[in-house]
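Please open the model in a viewer and keep the sequence panel at hand. The stops below are given in the order in which they may be selected.

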Amino acid sequence: MSGKPKLLITGGLGNLGSWLSEYFSCKYDVHVLSKNIHNKLNCKYKLLQADISNLENLKLKLNIEFDFCIHTASYNEHFHENYSEKAIEVNTIGTRNLIEVLKDTKIKNFIYLSTFHVYGASSGLITEDSKLNPKNDYASTHLFAEFYLRQFLHSHDFKSVIFRLTNSYGAPKFINSTKWYLVLNDLAKSAYDNQVISLKGNGKAVRDLIWMGDVCSVLDHSLNMVSSDIYNLSSGKTYQMMDLAKKIQVVYKKRYQKKIEIITSNNDDTKFLELKVDNSKIKKTLNFEFNDNLTEEIDSIFDLLDKNKHLVQPKSK
């Protein structure tokens, strides 16, 4: 018996989940639920293999009394065939299955990682009171999962905290990560593989980017929240794609002593409006300030690529 509180992290070998598993392994008895178990983290955890879209399978594997759950398992590869069907099975039904298994246990809190895409907005100020207007399957399936959490709060007093996450960044824990298409990973890997950074547009598109280390810290503080609520989880700061490309260019030159070119589309005259995903609610609740670790994470991505350059790596999209 470790004496530590038991924490279930679904998707705990995934992109963000692997960061959370490593972060929490020092202070919690971490149980990682994952469908795919090929990768191993350099920390202490217990691995539970299960598919959250299979309720009976989930019941068999989760026969443990957990103190807390952080639910990150989701299917977000919208470019895959039959994505809409798989997204409903995992993101929506999978979340309901997880609630169904845990609702009658002594779990103290359930943390759900939703997405700011439930608002469907690409400009303006987004607060937790903004209109919900999902515009794709990724957003809709996560919003449906939120509705299930509201439903079970009412019917079973199942407490949860929902975080509508923006674009989290951080070096992948594994070279065979399926998330090389994420913007910072993609641009850094493009620079590494091709010695050029190719932007798909004019470089003026904006993203709110939040460091995964900050996500871990916020979720750590949120585990003991006593009331169910919804929060935007953002850095509150936006970056143009050209800003990111230039940061990668600087890190690359310092590291490899070579300047690389940034290429944009000359035919793209799209104008992008200002976007602000307001994080004042969570900042005030936790008295938390967010960090900018872009330069450090770009360097860490290059570290990972250098360490594994002898392997066949996933191609940058």
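Is Phe302 buried or exposed? Phe302 has a relative accessible area of 0%, so it counts as buried; the term buried stands for under 20% relative accessible area, exposed for over 50% and partly exposed for what lies in between, with a 1.4 Å probe and protein chains only.

The model is predicted: local features need pLDDT of at least 70, side-chain atom pairs count only at pLDDT 80 or more, and totals for chains, interfaces and linings use all residues. Residues are numbered from 1 along each chain as its sequence is written, and side-chain values use heavy atoms, with hydrogens and water left out.

**Stop one: aromatic pairs**

A search of the whole structure gives 13 aromatic pairs. Rings of Phe, Tyr and Trp (its six-membered ring) pair if their centres lie within 6.5 Å; planes under 30 degrees apart count as stacked, over 60 as edge-to-face and the rest as tilted. Select Tyr192 and Tyr256: the ring centres are 6.2 Å apart and the planes stand at 65 degrees, so this pair is edge-to-face. It links distant parts of the chain, with Tyr192 in helix H5 (residues 183-194) and Tyr256 in helix H7 (residues 241-256), 64 residues apart. Helices (H or I, at least four residues) and strands (E, at least two) are DSSP runs, numbered from the N terminus. Tyr192 is buried at 14% relative accessibility, whereas Tyr256 is partly exposed at 26%.

Select residues 15-24, helix H1. Of its 10 residues, 8 are buried, so H1 is largely enclosed by the rest of the structure. Among the buried residues are Trp19, Leu20 and Phe24. Phe24 also forms one aromatic cluster with Tyr23, Tyr28 and Phe68.

**Stop three: charges over rings**

Display Lys189 with Trp180, then Lys281 with Tyr231. Lys189 lies over the face of Trp180, at 5.8 Å from the ring centre, and Lys281 lies over the face of Tyr231, at 5.0 Å from the ring centre. A charge sits over a ring if NZ of Lys or CZ of Arg is within 6 Å of the ring centre and within 35 degrees of the ring normal.

**Stop four: helix H4 and its ends**

Select H4, residues 137-156. H4 has 20 residues and spans 28 Å from its first C-alpha to its last, close to the 28 Å expected at 1.5 Å a residue; the expected span is 1.5 Å times one less than the number of residues. Its buried residues include His142, Leu143, Leu149 and Phe152. Among the elements that cover the buried residues of H4 are helix H3 (83-102) and strand E5 (109-115).

At the N-terminal end, Asn136 caps H4, with a side-chain oxygen 3.3 Å from the backbone nitrogen of Tyr138. Just after H4, Asp157 takes a positive phi of about 55 degrees. Asp157 is found in the loop between H4 and strand E7 (160-165) and is partly exposed at 49% relative accessibility.

**Stop five: Gln195**

Most residues other than glycine have a negative phi. Gln195, however, has a positive phi near 55 degrees. Gln195 is located in the loop between H5 and strand E9 (196-198), and is partly exposed at 32% relative accessibility.

Terms used
Contact means heavy atoms within 4.5 Å. A polar contact is a pair of N or O atoms within 3.5 Å; within protein, one must be able to donate a hydrogen and the other to accept it, and residues adjacent in sequence count only if both atoms are side-chain atoms.
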